Amino acid sequence: MARVAVQPLDIETGLVDDHAAAAKVLPGAAYQSSARSKAIEAFAVEGLPNRRLEEYRYFDLRQMLAKAGPLAVTPAASSADTTDPATDIFAEIDRHIAVFINGRFDTAGSSLNGLPDGVELLSYAEALNSEAAWVSEALESSIAPQDAVATLNAAYAIDGVVIRVSAGVKVDKPIEVQWRAIGDVSTHFHTRSLVVLEEGAQLTLLETRGDDEQAPVFSTGALRLVVGDDASLRHATVCADGEDVVRVGKKSVTLGKASNYETLGLAVGAGKARTDEHLHFAGENTKASISGLSLLRDAAVMDNTLFVDHAVPNCESEETFRSVLDDASRGVFQGSILVRKDAQKIDSQMQARALLLSRKAEMDAKPMLEIYADDVICAHGSAIGEPDQNAIFYLMSRGIDENTARALLVAGFLDDVVDGFDDGEIAVALKTLLAERLGAPKDTAQEASL
């Protein structure tokens, strides 16, 4: 049967037509120009992903994006002049900070003095212009599938962060990357980032996403993580976008032998966001912990899509996702574990749970297992329900009002995952943020244990 032609949306036509002019300000050598041209040609054919594609069944970009403004321009002011300290989630943590505004590196607003020897931090534009071989090798080795979002990102990526930690170097304090959008004009921007940990290196990477934008924003971000043999990467992301933001992130991770990878994504924004993570085990005796928390209200949407590729034996992975949905918010979890024929003696556990606080809230969960080895331990499951009324009644019997009791119960549901990720300053910051959003006491752990 012939495929029915779909009439392009204004935003799709605009993204294609505007590319030639935008390409003049995009970074990269000649080979990048050729790649960008091919990418926009592919996007012109595919268009924005929509519900007819299984991967985007619950996150229809064609419905979310009727139109978009021009490519974001370089802001006139540095983030150093506009940052509100009250919104600094990790303010109590001593860390290095790299700031990006509207997708572009903000040198004046960043704080990168004192990076230890053996750590390189560049903007994506700088890295492309340097034509460093390790950058090209890492980007070309990406294992994430090239869908329409990936091609759009490749066509328009204007900047991003590039980090390399040399072999054996343990970075003394976290590196935080702050992504912000400012201005009052509808716009779009696209970033591409790369983090490479060489053998035996250690790094804690923090990412925060927020905006002061008063107009619709559409952005895509591609992140490539390469964790070398015996290396360790801890990665926490906080997404706190405004209601007019649509953001799609694609994350590609490769793990070397005996490496350790822990990641936690926390969504508390009011916009519509999707994270698509592909994790590939390339070496034995490797451990990975992937967690996602969503605390949403109003019409916010968070889509966590995950693919775990167990390609080698003797590895462990744990995937834990929890959502709390109020008003007309919507959560999505699509998790898939592939155990290949040679991946014997692996242990992989996937769990997705959700609490619905409103009859209008919606959760779609689709955990999947595909196993071709015969000596493995694998499990997956999902549960969707409402807060336990007996537990709320118990807390009220101890003199706690109903709203606080409900907030404590929800905080405990989420804090449990934070505890599994970190027991130090990062956990304190994340729990404080959750408690503020819930209206619960900050020390929820003690209150919930009454």
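1. A word to start with: a residue is called buried when its relative accessible area is under 20%, exposed when it is over 50%, and partly exposed in between (1.4 Å probe, protein chains only). By that scale, arginine 51 is partly exposed at 48%, while aspartate 60 is buried at 9%.

2. Please keep in mind that this is a predicted model, in which local features need pLDDT of at least 70 and side-chain atom pairs count only at pLDDT 80 or more, while totals for chains, interfaces and linings use all residues. Residues are numbered from 1 along each chain as its sequence is written, and side-chain values use heavy atoms, with hydrogens and water left out.

3. Now to the salt bridges. The term means a side-chain nitrogen of Lys or Arg within 4 Å of a carboxyl oxygen of Asp or Glu. The structure has 24 of them. The two residues from point 1 form one: the closest N and O atoms of arginine 51 and aspartate 60 are 3.4 Å apart.

4. Have a look at lysine 173 and aspartate 94, whose closest N and O atoms are 3.2 Å apart in a salt bridge. Lysine 173 sits in the loop between strand S4 (161-165) and strand S5 (175-181), and aspartate 94 in the loop between helix H4 (61-64) and strand S1 (96-101), so this pair ties together parts 79 residues apart in sequence. Helices (H or I, at least four residues) and strands (E, at least two) are DSSP runs, numbered from the N terminus. Lysine 173 is partly exposed at 21%, whereas aspartate 94 is exposed at 52%.

5. Glutamate 198 and arginine 164 also meet through their side chains in a salt bridge (3.4 Å, N to O). Because glutamate 198 is in the loop between strand S6 (187-197) and strand S7 (202-211) and arginine 164 is in strand S4, the pair ties together parts 34 residues apart in sequence. Glutamate 198 is partly exposed, at 26%.

6. Salt bridges can also join up: Asp147, Lys250, Arg274, Asp276 and Asp303 are linked in a network.

7. Finally, the cavities. On a 1 Å grid over the protein atoms alone, a cavity is a set of points where a 1.4 Å probe fits but cannot get out, and lining residues have an atom within 4 Å of a point. Of its 39 lining residues, Arg209, Thr237, Gly249, Lys251 and Thr275 are the closest to its centre.

Notes: 1 Å grid on protein atoms, 1.4 Å probe; cavity = no way out; pocket = protein on both sides within 12 Å on 5 of 7 lines; lining within 4 Å.
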